Every structure is written in structure tokens, then in C-alpha cells.
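Let's take a walk through this one together, starting with a pair of helices and then moving on to some charged side chains. Keep the viewer open as you read.

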Amino acid sequence: MSPGNINRYNIKNILIPPAMLFRQLSSVLLFRSVLGWSGFPKWLARHSLRSIPVSAGAVGMGCIGFPNHPVWEVTNRCNLNCIHCHVEGGSQMDDELDTDRAKDLIDQLAAVDEFRMLVYTGGEPFMREDLFELMEHSMKAGFVNVVASNGTMIDDEVARDLKKTGVAAVAVSLDSNNCLVHNNIRNNPHAYESAMSGIRSLKKEGILLQINTTAMDINFDEMGSLIELVEELGSAIMLMYQLVPVGRGFEISGSALDMDYNKKLLAFLSEEQKNRSVLIEPVAGPQYWAYLMERKGINSERWLNKVNGYFQGCTAGRGLVYIKANGDVWPCPFVEVKAGSIWHSSFSHIWENSEVFITLRDRENNLKGACGSCRYNSICGGCRGRAMAYSGDYMGEDPSCFLTKAHKEKQPLVRKGAEVGSVV
């Protein structure tokens, strides 16, 4: 990493306190140990230094990247109409934050000590005309910028502008290495070709590449060849989402992975990971960490206490926070529960005092059903999004968990979760 890159990534904030970096390294080394990750030296040599800004604020490995960072849906607008979109992206929301209000939100987020990295997502974030102005503002506020995009609006000029505005990584969505499958999921005949062109532009500028994938019945058999492509593309990180039937995903809920396929996917990922130089992390599959521990035979109470904090499982509201385009604050993009709104309260007040966040942060005492009595609730906790989608209770049991046989058949889906906006 060159001195210029260090300044651009505000590396001083990332390394303070130094203990945080050691926790990050310890988490990856623990992951390597329980998995038998022989590809780790390749990942370490190729990607580890450039991954430090992306994992800024990390205290362990868990769902949706790393804990302790905000994900901001800067717009609901999108140029695609993907069949599984949790946002139901399309037209602009009437009450989307304008530029001044958006900058004020950035300043509020920057005031939270734990936050060092800000993820811009959508919809499609590049549909927002002031995106680069906002990213320049967050860079000056001390944030490392990360963008999650469908990749179709990225060209060489956009990639150059991304580099100028402190973007450490761009996550591009790819749902198959088969262009027809990807295009069908994205509802656009040119989506795959355009995304690959965007990836090439990012690589020209040396911007760290992350690939985001959503596993479902439609593309489940494509996962092996897709991981091979991700490796060839030189991606440092791959987030393997599972379809959570919210938003437009509700309409294809039959494609969501059940208990058996959840286990099959996580077992498959653990085998694929061994020889790969890309770090593959499950999203909406928090059972992964407990599964790895069980398979290794290190699942005693003593070991579980040791790894608690390195393997986090579900991070909804316990580190991850999701801000909607209109300023509503959610625990997670898949947990459709409003903890508050920045129109009515400061972000820090919501973050520290919301009943929703307080409840989620004490999952050892507040989880219900099989998740509540499970010995792995500290390193797994079940997917709160799936629990919400099937029961309407974000603290209910995860119906796709295979760690215990106590789970019953999936309940009927609940179309929308109730708004729980209680802020002390």
C-alpha cells in the first residue's frame, strides 16, 4: 500500500486503537484454524492490507460483512428491477433526504466512535446525482467509503471519481456466472455484460473488489462456477447472501432456502473456502460459525466462551445499522422494523436508546423459541430477518436453522413487520 493510499484511506483512524486491528487478525486466524483454510496465505498476500480499510471498525466475523458500521440506502431509485430486491427499488421516495439533510446525517454518523466505514447502497446509489458530493463529505468527515452497486452504471470515468472520493472498495452484485440466469434475476438482458464492464473499470483503478451474491433455488446449482469466476476476477471478499423473503423477494418466497438447503449451502461454502484466496462470508446464514465449531469438535462451553466476540453471527442492531433513504433507522435491511427516524431524533439517540437496538443487543436474554435456548446464540443468534419474515417477531426463532431439531415447519410469511419505533 503506497503512502498516497494510506492518506486517502485515513489509515490513522483505522489503526486506533491498535487492539482493534489485532481483533480483526485474530478473527481471521481463528476462522482459518477451524476451517483449515489453505488458501489463507494467498489471501493474506493479495488482499489483507487493502482489506483493512474495508473492515474498519471490525470486532469479529458475522453477517453482512463486519460489525460496527452503518449501511445507508441513499436512494430507492434503481435502473434495474431485480426479482429479489428487498428495497423494491424503482422510483424515488417522496421523502428521500436532500443533499443538506444527507450531509447532516453523515456528520451524525461520524460522531459515533465505533463507526469508521460507511457503506453507500440503494436501490442503485449511482442513480443519486449528488452521490460523489456526499462521498467527498463523508471522506472529509473521516469515513472510509464503500459502495454496493449492481455495477451497470460504472465506467472508467466513474471508477476514477470513486477513487478520488476515498472509496476503498466496491461491492458488485453477481448472481450467476451464467449471463442468462443473472439477467433473468435482474430483469435486464444486458445486466451481466454491464456489470462485468463495471468490474473491469474498477480493476483498472485498483479499487478493491467485493462480490455480493444472493443464493436461492433459482441459482443454487450455479454457486460453484460462480465462486470460480469470483476467484478469477481477483475479488478479495464475497458475501454470500441467502434470499430473505422481504420486499420483492416476498413474491418469490418459494425460492428461499429451507433448513436442509441452508445447511447444504454452508457446508458447500466451508469446502469451497479451503483452497480459495477470496474470503467468503455468509449473510443470513449465521449458523455458519457454530457449524464450523461443531465440525471441528471444539464446541465445549469453554471454547464457545472463548470465540464469543470473534464469531458474531447475526449482527442486526448489535453493530450493523441500516438507514433508509428517507431517514428511517432499521437494525438490518431484512429486519423491517423502524427503530426511529432522523427527522424526529438524532441518530446517536436512536442508536443508544431505541428499544429495538437494546433488545437485539441482549439476545442471550431476549431471543425466543429454539434460538433462545440454543447454546450457540452468542456466536449465531439465528437470522433475525428470517424470523421476522416468517413470524412477524424479530426475536423469534430462525425457521431455517439446522442446529437443533426443535424447529417446526415454517410458518406462513408475514408481508410487512410492525413498526416498533419506541425510543426512550
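This is a predicted model, so start by finding helix α7 (residues 156-164) and helix α9 (residues 191-204), whose axes come within 8 Å and cross at roughly 45°. Zoom in on the contact and you'll see D156, A159 and L162 of α7 meeting S201, L202 and K204 of α9. Sorted by type, the residues of this contact come out as 3 nonpolar, 1 polar and 2 charged.

Now for the charges. Side chains of opposite charge can pair when their charged atoms come close. Here the count comes to 16 salt bridges.

Take K324 and E73, with their closest N and O atoms 3.1 Å apart. This pair ties together distant parts of the chain, 251 residues apart: K324 is in the loop between β10 (320-323) and β11 (328-330), while E73 is in strand β2 (residues 69-73). Are the two partners buried or exposed? K324 has 10% relative accessibility, so it counts as buried, and E73, at 0%, therefore counts as buried too.

E129 and R77 also form a salt bridge, at 3.2 Å between the closest N and O atoms. E129 is exposed at 67% relative accessibility, whereas R77 is buried at 13%.

Finally, D328 and K338 meet in a salt bridge at 3.6 Å, N to O. D328 sits in strand β11 and K338 in the loop between β11 and β12 (340-341), 10 residues apart. Salt bridges with shared partners also join R77, E96, R128, E129 and D130 into one network.

Definitions and conventions: Residues numbered from 1 in each chain as written. Predicted model: local features only at pLDDT ≥ 70, side-chain atom pairs only at ≥ 80, totals over all residues. Heavy atoms only, no water. Axes fitted to C-alpha atoms, helices over the stretch in contact; angles between N-to-C directions. Helix = DSSP H or I, 4+ residues; strand = E, 2+ residues; numbered from the N terminus. Contact = heavy atoms within 4.5 Å. Nonpolar A, V, L, I, M, F, W, Y, C, P; charged D, E, K, R; others polar. Salt bridge = Lys/Arg side-chain N within 4 Å of Asp/Glu carboxyl O. Buried < 20%, exposed > 50% of the residue type's maximum accessible area, 1.4 Å probe, protein only.
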